[in-house]
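Subject: The structure, and what turned up in it

Hi,

Here is the structure I promised to pass on.

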Amino acid sequence: MAHQHSSQVRLSPSGDTEVIQKNGEEVALLLAPRLAHFAGVARTEHVTRAAQEMRVPQSTLSRAMVRLEQDLGVDLFARRGRTVALTPAGRTFLASVERALAEIERAAEEVRADADPATGKVAFGFLHTMGAETVPGLIHAFRADHPRVRFSLVQNYGEAMLERLRAGELDLCLTSPVPDAPDLVARRLDEQKLRLVVPADHRLATRRRIRLAEAADEAFVTLEPGYGLRRITDDLCRAAGFTPRIAFEGEEAETLRGLVAAGLGVALLPPPAVPRPGTAELTVTAPRAVREIGVAWLEGHPDTPPVAAFKKFLLSRRGRLLP
């Protein structure tokens, strides 16, 4: 059973003291603006000097410290004229405040570094089948002009990458089919022919071309449901007049190619990065067997300079994306 924690805090936004119940998040929102002021006064042990260093009026700083103590319900300072000294409660509070401020500073430096035009970061997702040649070639070409831009790479199937786009974990993703969703922007970059891959000793292995309907009685090895290539396979088989009989569902195209070589079935796959022994690859003449490759990003999501540069680069490769 989950328990919601709450604590009594004294709120004094207008100088009046009122005791109400607040949860931890609300307390943090209430206290956060005053923490840097508190740390400055604690460091100098002098309100006037702290006000000068932080460039705020002394009266404003003094009121902020009084209200902070009222909100917490404890004395943080022992006052001696214009000088102050931390109470035991103040020392305990300061240790946590300094850690919190250091973490905020670290986070600020990280996001500034990620947005730096020369050395920033691009979070980029791509399909498994793009990993052997296409993406390495793209990054190599891009870094010729942007040698210090960093990449955070995610290799996954299409739907998983689109969810990570929506969650803000990716800036861009290279996917297929090209998504059509109101919260995403997608641009078609290229298309890739799919081939019917059969075992080297298969009855069709001596053929160079084939109509997909001729494979209606074959067992198919495919990617799992949810993968873009699986959806394309199902659609092409449906257009050819049959529902494929599935012998195996996997997660990697090269695994499927290996299982085809082992005689488990046939598969519709893009060309391999390296020819695979034990298979023959046939051009499908009907229906037209291709998959579109596109780049997608979140609608309305602002780009940092390195992301904008890589997006522009990808769009410039339209029609010549694939090796």
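Is Glu281 buried, partly exposed or exposed? Glu281 counts as partly exposed, at 23% relative accessibility (buried means under 20% relative accessible area, exposed over 50%, and partly exposed in between, with a 1.4 Å probe and protein chains only).

Before the rest, some housekeeping. This is a predicted model, where local features need pLDDT of at least 70 and side-chain atom pairs count only at pLDDT 80 or more, while totals for chains, interfaces and linings use all residues. Residues are numbered from 1 along each chain as its sequence is written, and side-chain values use heavy atoms, with hydrogens and water left out.

Back to Glu281: its side chain meets that of Arg195 in a salt bridge, 3.4 Å from N to O (the rule is a side-chain nitrogen of Lys or Arg within 4 Å of a carboxyl oxygen of Asp or Glu). This pair links distant parts of the chain, 86 residues apart, with Glu281 in strand β14 (residues 279-286) and Arg195 in strand β9 (residues 195-199). (Strands are DSSP runs of E, at least two residues, and helices are runs of H or I, at least four, numbered from the N terminus.) Arg195 is partly exposed too, at 30%.

The salt bridge count comes to 25. Among them is Arg164 with Glu169, whose closest N and O atoms are 2.9 Å apart. Arg164 is partly exposed at 30%, and Glu169 is partly exposed at 45%. Another joins Glu214 and Arg207 at 3.0 Å, N to O. Here Glu214 has 26% relative accessibility and Arg207 has 32%, so both count as partly exposed. There is also a network: Arg188, Glu191, Arg288 and Glu292 are joined by salt bridges that share partners.

Now the pockets. The largest one has a volume of about 350 Å³ (on a 1 Å grid over the protein atoms alone, a pocket is an open set of points where a 1.4 Å probe fits, with protein on both sides within 12 Å along at least five of seven lines; lining residues have an atom within 4 Å of a point). Its lining has 20 residues, and Thr129, Glu133, Pro271, Pro272 and Ala273 lie nearest the centre. Helix α8 (residues 253-261) gives the largest share of that lining, three residues. By class, the lining has 10 nonpolar, six polar and four charged residues (Asp, Glu, Lys and Arg count as charged; Ala, Val, Leu, Ile, Met, Phe, Trp, Tyr, Cys and Pro as nonpolar; the others, Gly among them, as polar).

Cheers

Terms used
Grid points are joined across faces, edges and corners, and a volume is the space filled by probe spheres set on the points.
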